[in-house]
Amino acid sequence: MTEQLREEKRKIEELHEIASEMETCTSEAEVYRLGVDAAEGILEFDICGIDVVEEGYLVPKATSTEMPNDGYDALEADKGLAGRTFQNGESFLIQDVRTMNEADPVQEQYRSILSVPLGDYGVFQAGSREAMAFDEDDLELAEVLMSHVTAVISRIDSQSALRESEEKYRTLVEGSHDAIFIHSGKQFRFVNDRVSEMTGYSEEELLGMPIWNVVHEDDRDRVRELIKRRESEGDSPHYQLRIRSQEGKIRYVELSVQAISYDGRKAHLGSARDVTERRKRKQKVERQNERLKEFASVVSHDLRNPLNVAQGHLDLARETGDEKHFEKTVSALERMESLIEDLLKLARQGQDVSETETLDLETIVRHSWGTVSTGGATIDVGDGLGEIEADEGRLKELFENLFRNAVEHGSTSSRPADDDAVEHAGDDVTVSVGRLGDGVTPCEESIPDPSSEESHTAFDSSNGFYVADDGPGIPAEEREKVFEHGHTTAEDGSGLGLSIVSSIVDAHEWNVRVCESETGGARFEISTT
């Protein structure tokens with residue numbers, strides 16, 4: 001092997017060693033510096049440098065130690081030999097610049113030039129004050145070296161772009177209003193902060209947890225069926241379902257899922273939005289519309305009946321002069337006044353509760369009892385009722401209506417069936433008020449308030465209070481109707497009392513249900529969670 005071949009082999013091996021060293025670089029400046037050092041030390045180019053394109057100019061980034069202090073300035077990227085090299089992606093070997101027009105402009109002290117492109121990044125150039133300083137082997141070795149430089153710069157750029165993309169994606173995901181997660185093998189693999197907020201579980205608890213652990217138990221089979229249909233029939237990837245948080249609270253969510261690849265495995269990317277409040281607002285509007293219908297019913301029917309009665313008796317009084325007709329008229333007008341008062345209460349109590357305060361429940365109960373005409377009925381207030389967060393006026397109204405309902409429908413079995421019995425209805429009734437939980441047995445066969453859709457699944461019997469009586473109770477077939485507007489078994493009842501109770505409960509975002517008390521009477525349970 002000739003000395004020249006051995007020298008060329010040595011240079012190639014050293015260039016590959018430099019390439020391996022470049023692979024450890026994390027910045028472009030390091031790579032440019034190693035490239036120029038290799039050109040100077042291995043290829044023995046005394047004067048050389050790397051220029052990189054920035055805003056339309058080729059800007060020096062690394063130069064050899066022998067580069068004159070006056071060096072060279074940035075050059076427009078389409079000017080001179082460097083410009084041609086960059087624009088065409090073509091290497092040039094100029095043996096004597098004084099005989100080549102394409103080398104212009106160039107500093108006068110250089111006689112020969114070697115120019116190699118760095119892909120889309122810039123150019124490498126080596127110069128000499130002597131003519132014929134470079135040959136084809138020099139050009140080939142320079143191209144090998146610059147191919148290494150270009151490859152490493154490309155890798156760093158890709159990694160930088162990937163990191164930037166990942167950072168933007170993470171910022172977007174973490175800042176999203178939606179809960180975003182990835183699951184594979186039916187387990188969470190990634191969750192953003194919103195998933196933790198929505199479910200109540202920490203990120204550590206969620207990762208590796210089966211996704212079905214947070215889906216409401218009553219929705220799991222339905223959602224599984226929807227997923228199966230989507231995968232087999234291409235149905236919509238959008239779902240509506242309930243989740244149960246770590247604290248047991250139920251949230252309604254809209255979910256969108258799509259298949260992805262994650263860590264080399266099939267996975268699903270999900271985006272969930274909490275629509276619980278939106279659902280409540282919708283239900284509120286529906287209830288308001290229902291109340292409007294109720295008002296129209298009262299005005300068109302319930303109020304018109306006593307008005308017709310009063311008008312009829314007034315006509316009879318004029319014709320006969322019998323004063324008993326005036327008594328009937330007064331009774332009809334009092335009935336109208338009662339209906340109007342209940343109607344106004346229903347309208348007022350149906351409003352949202354905007355301000356609440358911490359109240360002593362026993363104080364509220366005893367005050368409310370004192371404002372109701374209870375006759376000979378008695379009240380039994382349990383120990384440890386504690387405090388409650390509520391609107392004081394509306395909470396009192398709730399108890400007043402429940403107490404009035406218990407007294408008005410109280411037992412009269414021990415009295416003769418005459419007018420006096422009606423007048424004293426409820427005199428032998430005992431009304432009990434107690435706290436839910438703490439060993440109190442909840443309703444076993446309870447009927448939730450049908451006006452609240454969530455009450456069917458979200459009723460929490462561990463926190464709240466109850467009002468029960470030992471009267472005749474509510475027949476099982478009637479319990480579904482007691483909260484409906486106009487439903488009453490009393491001859492002169494408005495049928496709005498329990499409807500008002502339901503509205504107050506809804507305004508506080510509580511739940512109410514009714515069942516049979518331990519003594520066979522009626523028992524109303526109000527869950528405050």
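This is a predicted model: local features need pLDDT of at least 70, side-chain atom pairs count only at pLDDT 80 or more; totals for chains, interfaces and linings use all residues.
A patch of negative charge lies on the surface. The points below take these topics in turn.

- In soluble globular proteins, nonpolar side chains tend to be buried together.

**Salt bridges within one stretch of chain**

- Glu392 and Lys396 meet through their side chains in a salt bridge, at 3.1 Å from N to O. Both sit in helix H12, 4 residues apart, so about one helical turn separates them.
- The two partners differ in cover. Glu392 is partly exposed, because its relative accessibility is 30%. Lys396 is buried, because its relative accessible area is 17%, and the cut-off for buried is under 20%.
- Glu525 and Arg523 form another side-chain salt bridge, with an N to O distance of 2.8 Å.
- Are these two residues buried or exposed? Glu525 is buried, with a relative accessible area of 0%. Arg523 is buried too, at 5%.
- Glu7, Arg10 and Glu14 are joined in a network of salt bridges.

- Glu23 pairs with Arg155 in a salt bridge. The closest N and O atoms are 3.7 Å apart.
- The two residues are 132 residues apart and belong to distant parts of the chain. Glu23 lies in the loop between helix H1 (3-22) and helix H2 (28-41). Arg155 lies in helix H4.
- Glu23 counts as partly exposed, because its relative accessible area is 45%.

- Which residues gather in the patch of negative charge on the surface? They are Asp135, Glu136, Glu140 and Glu143.
- Glu136 belongs to helix H4, which covers residues 136-174. Glu136 is exposed, because its relative accessibility is 55% and the cut-off for exposed is over 50%.
- Leu145 is also found in helix H4. Leu145 is buried, with a relative accessible area of 1%.
- Leu145 and Leu15 are 130 residues apart along the chain. Their C-alpha atoms are separated by 6.4 Å.

**Other pairs separated in sequence**

- Ala507 has its place in helix H15. Ala507 is buried, because its relative accessibility is 10% and buried means under 20%.
- Ala507 and Ala390 are 117 residues apart in sequence. From C-alpha to C-alpha, the two are 10.0 Å apart in space.
- Pro475 lies in the loop between strand E17 (464-469) and helix H15 (497-507). Pro475 is partly exposed, with a relative accessible area of 41%.
- Pro475 and Cys515 are 40 residues apart along the chain. Their C-alpha atoms are separated by 9.2 Å.

**Positive phi in two loops**

- Most residues other than glycine have a negative phi, and most peptide bonds are trans.
- Glu44 is not a glycine, yet has a positive phi of about 65 degrees. Glu44 lies in the loop between helix H2 and strand E1 (47-54).
- Glu55 has a positive phi as well, near 55 degrees, and is a residue other than glycine.
- Where does Glu55 lie? Glu55 is in the loop between strand E1 and strand E2 (57-63).
- Glu55 is exposed, because its relative accessible area is 81% and the cut-off for exposed is over 50%.

Note on methods:
Residues are numbered from 1 along each chain as its sequence is written. Side-chain values use heavy atoms; hydrogens and water are left out. Patches are made of residues with over 30% relative accessible area and no salt bridge: like charges are joined within 9 Å, nonpolar side chains (Val, Leu, Ile, Met, Phe, Trp, Tyr) within 5 Å. Accessible areas come from the Shrake-Rupley method with a 1.4 Å probe; for residues, only the protein chains shown count as cover. A salt bridge is a side-chain nitrogen of Lys or Arg within 4 Å of a carboxyl oxygen of Asp or Glu. Lys and Arg count as positive and Asp and Glu as negative; His and the chain ends are not counted. The place of a charge is taken as NZ of Lys, CZ of Arg, CG of Asp or CD of Glu. Buried means under 20% relative accessible area, exposed over 50%, partly exposed in between (1.4 Å probe, protein chains only).
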